[in-house]
Amino acid sequence: MLKATLRSFLAHKGRLLLSALAVILSVAFVAGSLIFSDTVARTFDRLFASTSADVTVNPTKGLDERVSSGVTRTVPASLTARIAGVDGVAATHVDVAVENITVVDRSNDSVGPTTGAPTIATNWYVTERSPVKLASGHAPHGPGEALLDKDTADKKHVRIGDPLTVLAQPGSFKVEVVGIATFTTTNPGAALVFLDTPTAQTRLLGKPDVATAISVDAAAGVSDEELKQRVTAAVGGSYEIKTAAQQAKSAADELGGFLDVIKYVMLGFAGVATLVGIFLIVNTFSMLIAQRTRELGLLRALGADRRQVRRSVLLEALLLGLVGSTLGLGAGIGLAAGLMALMGTFGMKLSTAEMVIGWGTPVAAYAVGVGVTFVAAYLPARRAARVSPMAALADAEVSGIGRPLKVRAVVGTVLTVAGAAALTGCATSTKTATSSSLLGLGVVLTLIATVVAGPLLVRPVIRVLGAAFPRLYGPVGRMSQRNALRNPRRTGATASALMVGIALVAGLSVASASMTKSFDQQIDKTLGADFVVQNGNFQPFPQEITDKVRAVKGTETVVRQRFAPLRLTLPDGRTPQTTASGYDPQLDDVAHITYAAGGSAEALAPGNLAMDRDYARDHRVRLGDTLPVTFSTGGRARLRVAALTDMDTSGGFGVEGGVFMGLATVERYLPGGQDAAVYVNAGGGTSADELRASLEKALDPYPQVQVRNQADYKKLIRDQIAVMLYLVYALLGLAIVIAVLGVVNTLALSVVERTREIGLLRAIGLSRVQLRRMIRLESVVIAVFGALLGLVLGMVWGVGIQQVLALQGLKAFAVPWSTVIAVAVGAAAVGLVAALLPALRASRMNVLAAIAHE
Amino acid sequence: MSTPAAATAETEGVAARARALTKAYGTGETAVLALDSVDVDIARGRFTAVMGPSGSGKSTLMHCLAGLDSVSAGQVWLGGTEITGLKERELTRLRRDRIGFMFQAFNLLPTLTAAENITLPMDIAGRKPDREWLEQVIDTLGLRDRLGHRPAQLSGGQQQRVACARALASRPELIFADEPTGNLDSRAGAEVLTFLREAVDRLGQTVVMVTHDPVAAGRADLVLFLADGRIVDEMPRPTAEAVLDRLRLFSGGPGTDAATAEDGAPDYDPLRKG
């Protein structure tokens, strides 16, 4: 029996190739993402471990700022004196490191990375832990000198002697590059500018006697933990004091957020590849078994019992899984290397020689590869076991064609009803949490329902889809339509692979189109300013820029916006962390805010705040209540709810509650913040165009901010949503590649099964061109069928997602018709592509061999 | 017609002709001669049967005459057209428009109804069938009440009748039937032979049939006997008994070294291929 299984596996290796490809793809993504994130994690763990001081004294940790307030937190530099006196301290260093600065060259272009990685200005001192060393020039001395890291210098063509301008919070200042520093460790992709310590303190932090942290070196024989305790005892508990290990871990964790995104994206790809791959594998095994019905019947007639037949099929799946996983693991290593190279172009230099393949990677790879194949082959294997010994003798063409679809009808209906109920529940629910979990349930149920019921839909849908074929293409069209209808299970399963991918994309496209439309509407409704000056990433910018804006001739109103990350204490006991905005008092001139109670005057008055009416009601907040508020750097206040707004944007995206207050209030409790946006209105006879020109001219030295009118602002938001869409399209691409493999698989098998039929057709005069067209049309109709199911399903999901978004205030609904049409047309193209090889093979078939076929 | 007058005159009364037709499989020392310089004329309006032991080249002869297979040497004409040297595309068109086919099994497309199967060659060509003729063929073959059925709903005999109707429907110059009764029981087989006979007698068609069955051959106007790739004998106005006797003679007779004992009982050999 084992020998028979192995022979059969080898005999069908061509057929299994496409299934193996699906396994390889999913395993490659799983393995690639694990290897990549392990390698990156290891690299940065090492980097931070080697660069962290034995003990670091940091400012107390406030709230995590999901949206930056622009405040740089400091400790008094005088602490060094106190720490130096502690027993066991070998040395102390003042650290000054500011992350959100901009450095521009002679032509006012930023020298920072274009990837969103920060430009970091820091003080220069050399210890054995320094991540950089001086490569050329000399160390900076005095206010006018700086070092630049070599990667940045090379990329931006900066040389020793070149002038740079550092745009820091206290004010911009000019420096000359006096030296170039190279990384001795992995460059994490940031640009580094080094100043001497006094310059860094005064120019970056605005005060000569502060630091962002203090590094402490332990004397020989003193452990980090011991030293930490002694330092803590000396300076008191109002600082965050960490050992090297703790410091490295929190630094790595901070970077981890970004790396997690890459990991999850990759795992998303793996998920799609796996999901679509399952269909392909199920289909391949079903077809192999259908083809081998007589062979299996013979085995049974010769005395093999059901279990042996089932085991034989599962063993074949196991072999496929093992081979696929092994190749996939190899492909995953390649993928990880490719990703590392890609990160290299973004400035993050990772060495492929240090690639980390943890034990978890092969385990996960084989678990996914073998598991998926095994699960996918299980149903076909059971079906194989049910083949009766009589099948060896009967002249049945292919089993499975005529089997009734009753079970599928029942299961499909039940699942559809359950799924529809879940989606209806999602649409009617008013709680985001309930609504989104119902959405998830509904999506899963309707997906399974469509897969199960797919074969039932084949006949009615393809009758309609292919209705024009006989008229357009005569008998060739008629035969291809009938061929597609011939085995509804096979057609359904083949189309399912395409359906899953397209449904996913259609759903997310509807969601993103709806989001875009909602944001557009909100911007139209609320934004009243002629221009918004801000950073494309919503990063805060120095006061200097606001001053420049104010000084521009023709500006009438200038309203600043600052972000204030804070924690609310609500009457219902919840203490959510959110981000409030602070505005200047003339808010009404630049924004249209609808109030349910109170107005801008009350909302922006000192000691007051405004919040969304629905949010207030949900948390039992009443107008006039006083709420305890903790700001991100620790400032505490009791603020009065003086106004309630009636806007659509009540929450989501880290700003739940729609809380805002006067900028003066923010400044009082969260001092040292920076402006995140400046809203500007033209006045005094200056036209908007003129104002824009003068604003852009005045802001030319500040490449970190841009001037945007309403249309530009909408575009900015749209572009950010579009990033998500590109990801979706990439997922679609992958799903389609695998689905195409599935269609090729099915068609190739159909061609083999219909050898005699094709021979007959050729003998009685069907030309090669006509034969190829027949196969192409069949392929197209299957692909379009899959796309249609996917689009309908995806749009239903899209409506569900939109309902959830509506609870977050994004109430508009939009269907991206251009995408829908493109997908439908694309599906037809996919069909054509998939038919290429099978059609060629069919048309090359030797007529004589085909008709002589037993 | 672009055919020279001389050739036309020469082919008067001949539906297909082969001269020095040679077909070899393989090359060099391993080459096998399936047809060894065969000369044959298929008379128009006649029912010709081709018989011979397995490997005698009878199927190859048919395939070469029908333009399904290429020849190694020699010439083949269909009517006035020399088909040796025609391109694949021209051969396809020739088969579609001028030749009808019946095979032993798998004659019909399972997805098409009987009516659709019958008109398929014309549909492929994009030609309208001659209604009157079509009705006559359908009635002759007694398929009137089976037209809407799929092949799976028809018996083997009915399927062969549909195949026969398809072969006749476009009123081809020549119908090739490759073991048309091979898969049928004797009654259904006799029925199909009657229809082929009628196609010749009443409808004026030309039929070439490859067969193992002396009874089937007995219904033809002329039987050609092949052995080792040559035509070794022919028998006008045959009967089943005469054919059987001739075959017996074959198995013992001179010049038939490849023939074996099984030739005496050709219809009992299930492994025999056309």
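Guide: Happy to! Two strands count as paired here if DSSP finds at least two bridges between them. Please keep in mind that this is a predicted model. With that rule in hand, look at chain B, where L78(B) stands opposite T81(B) in strand 5 of chain B. Strand 4 of chain B, residues 73-78, pairs with strand 5 of chain B in the antiparallel sense, over 2 bridges. In general, strands of a sheet pair through backbone hydrogen bonds, either parallel or antiparallel. Widening the view, 4 strands of chain B make up an open sheet with antiparallel pairing, in the order 2-1-4-5. Its edges are strand 2 (32-43) and strand 5 (81-82) of chain B, each of which pairs on one side only.

Now for the helices of chain A. Helix 11 (residues 406-428) of chain A packs against helix 12 (residues 432-465) of chain A at an angle of about 155°, and their axes are 7 Å apart. Angles over 145 degrees count as roughly antiparallel, so helix 11 of chain A is roughly antiparallel to helix 12 of chain A. Their contact has 17 nonpolar, 7 polar and 1 charged residues. The crossing of helix 11 of chain A with helix 12 of chain A is left-handed.

Finally, helix 21 of chain A covers residues 710-753, which is 44 residues. From first C-alpha to last, helix 21 of chain A reaches 62 Å, close to the 64 Å expected at 1.5 Å a residue. Helix 21 of chain A also has a kink of about 25°, centred on V723(A).

Key: Residues are numbered from 1 along each chain as its sequence is written. Chains are lettered from A and ligands numbered from 1 in the order in which they are written. This is a predicted model: local features need pLDDT of at least 70, side-chain atom pairs count only at pLDDT 80 or more; totals for chains, interfaces and linings use all residues. Axes are lines fitted to C-alpha atoms, for helices over the stretch in contact, and angles run from 0 to 180 degrees between N-to-C directions. Angles under 35 degrees count as roughly parallel, over 145 as roughly antiparallel, 65 to 115 as roughly perpendicular and the rest as oblique. A crossing is left-handed if the near helix is turned anticlockwise from the far one by less than a right angle, and right-handed if clockwise. Ala, Val, Leu, Ile, Met, Phe, Trp, Tyr, Cys and Pro count as nonpolar, Asp, Glu, Lys and Arg as charged, and the others, Gly among them, as polar. The expected span of a helix is 1.5 Å times one less than its number of residues. The bend at a residue is the angle between axes fitted to the seven residues ending there and the seven starting there.
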